[in-house]
Amino acid sequence: MALVNLSRQTEGFLDRQQGLLIGKDWQQANGGDPIAVVNPADGKIISTIGEASADDVDRAVAAARRAFDDGPWTSMKPAERAGIMFKIASLMEDHAEELAQLETLDNGKPIKFSRGEIFASAGAIRYFAGWVDKIHGTTHNVNMPGDYHVYTLKEPVGVVALIVPWNYPIVMAVMKLGPALAAGCTCVLKPAEDTSLSAIRLGEIMLEAGLPEGVVNIVTGRGHTVGAALASHRDVNKIAFTGSTATGKAIAQIAAAGLKKVSLELGGKSPNIMMADTNLEAAIPASAMGIFFNSGQTCTAPSRLYAHESIADEVIDGIAAIGGSMKIGPGLEEDSDLGPLVSQKQLDRVTGYISAGRDEGGEVIGGERHGDEGFFLQPTIIKKTSNRMKVVREEIFGPVLVVQTFKEADEAVALANDSEYGLAAAIWTENLGQAHQMAKKIKSGIIGLNTAMGADWDVPLGGYKQSGIGRENGREGLENYLQTKSVFTAI
Ligand code: NAD
């Protein structure tokens, strides 16, 4: 087993007391004691981040406001703004190993996946940089009496608050920073308190790339303090939030009070339907990866399996065998497939759900902690469940698959739709006509036909029902950060 040696840069970064990025300076946080950064692989403290005060948040928003109202960012030629974004992407790639090590130390995920996520994140910045000189309004032939030249302008919404979770820290940050910067907005980013390191390092990289002062500010700290102060700040024009549905509702209320624009990417409990004619050679490994990848801490994870009764045993055995063969270990070990959960709190939450599943009559495969240090959990399957059970209704956000069987396609669709969530769904069948019919009937924002995972910077991502409001990625994601001005000119 090869263990990744921490680079000198990573060690140097961890040794520093991490501050807040306000304007062009890194400043100490004033909101109370620093927050310990814990390595989920062994529970040890590896660094500290600051807890911003309300005053710190105020100064960060003011810096973003100045940069928006007076700075060069909004008046820059598109090619120049895109050029800075391309530079950020290249620097992220130059520092990929260091960023990947920080991500793994902070979140726990295996280093091979962290590396992929850093390159994918650089790709996001590059993708949105490509939009900068393609943002434009429209002209209109109007019916109103008189002669008019009428056109629309697409303008940035202003100062945006970007609040992100801990499951894919840098990916979640760039999914918002990319379109916000492309649109010409200025930002205050609040990473999750459990995983702020990669965002802080990204802030340094952005300054090095020549991003003007105040265009991106970073405040760290807890959600109910720093996150709430940022979201409710009077000078924030838009809130872009990814996180749990419960917090999303609190954010929606804050947004309503200030009549701020808001987009919400929230939780999921995504159904995975396998019809009798499923290609099991493809479906079993894809479904196992879908639920166990990132230790199940993926919003779109196919976490509710509905397998046709004729294939259910084979599917369960196959997924259990793959789960059992995954190498559970610290993320810094090159051959680890499954890292720890992000925190003790998350481990307690997930094991609590497994106990609840057992108490409600579910049959558990796996379900035990792995090792005696760190927050590792075995890949877990709960059989013999029903849609009434808590483990089926609620998002567990761990490597836990719940399974039911069905007889008819309509029954599977009804079971899949019987959820307050509607983020993603997968359907497996060799009958493509039936697949498309089912795809129409399922109420969710993303559908995989004969695939359990699908995400691309160009393809809209977002939820039906309680899984969110709005879409990220692609043109729709960019529109979140733009507003339209209609100009009537009498001629
Ligand atoms: P969370 O809601 O607890 O926290 C998310 C962020 O919000 C963190 O930065 C946190 O500090 C902040 N926050 C918490 N309370 C706040 C408040 N009152 N005001 C302002 N900010 C506050 O979620 P989490 O546990 O970090 O993340 C896991 C959740 O995120 C899961 O439900 C998952 O499904 C969801 N998620 C959704 C998507 C998607 O695209 N739909 C993607 C990733 C994660």
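Guide: The account below begins with the sheet and then turns to other regions.

This is a predicted model, in which local features need pLDDT of at least 70, side-chain atom pairs count only at pLDDT 80 or more, and totals for chains, interfaces and linings use all residues. Residues are numbered from 1 along each chain as its sequence is written, and side-chain values use heavy atoms, with hydrogens and water left out.

The open sheet has seven strands in the order E14-E15-E16-E13-E12-E18-E19, and its pairing is mixed. Strands E14 (363–365) and E19 (446–449) stand at the edges with a single partner strand each, so one side of each lacks a neighbour in the sheet. From one strand to the next, the twist averages 20°. Here strands (E, at least two residues) and helices (H or I, at least four) are DSSP runs numbered from the N terminus, and two strands pair if DSSP finds at least two bridges between them. In general, strands of a sheet pair through backbone hydrogen bonds, either parallel or antiparallel.

Helix H12 (residues 344–359) lies across E14, E15 and strand E16 (400–406), running at about 25° to E15. Such angles run from 0 to 180 degrees between N-to-C directions, with axes being lines fitted to C-alpha atoms, for helices over the stretch in contact; contact means heavy atoms within 4.5 Å.

Phi of Asn-294 is near 55°, a positive value in a residue other than glycine. Ser-295 is found in the loop between H10 and E13 as well, and has a positive phi of about 55° although it is not a glycine. Asn-294 is buried, with a relative accessible area of 5%, and Ser-295 is buried at 4%. Buried means under 20% relative accessible area, exposed over 50%, and partly exposed in between (1.4 Å probe, protein chains only).

Strand E7 (residues 159–163) has five of its five residues buried, so it is largely enclosed by the rest of the structure. Val-159, Ala-161 and Ile-163 cover one face of E7, and Val-160 and Leu-162 lie on the other, all of them buried. Five bridges join E7 to strand E8 (residues 186–190), and these strands run parallel; the bridge partner of Ile-163 in E8 is Lys-190.
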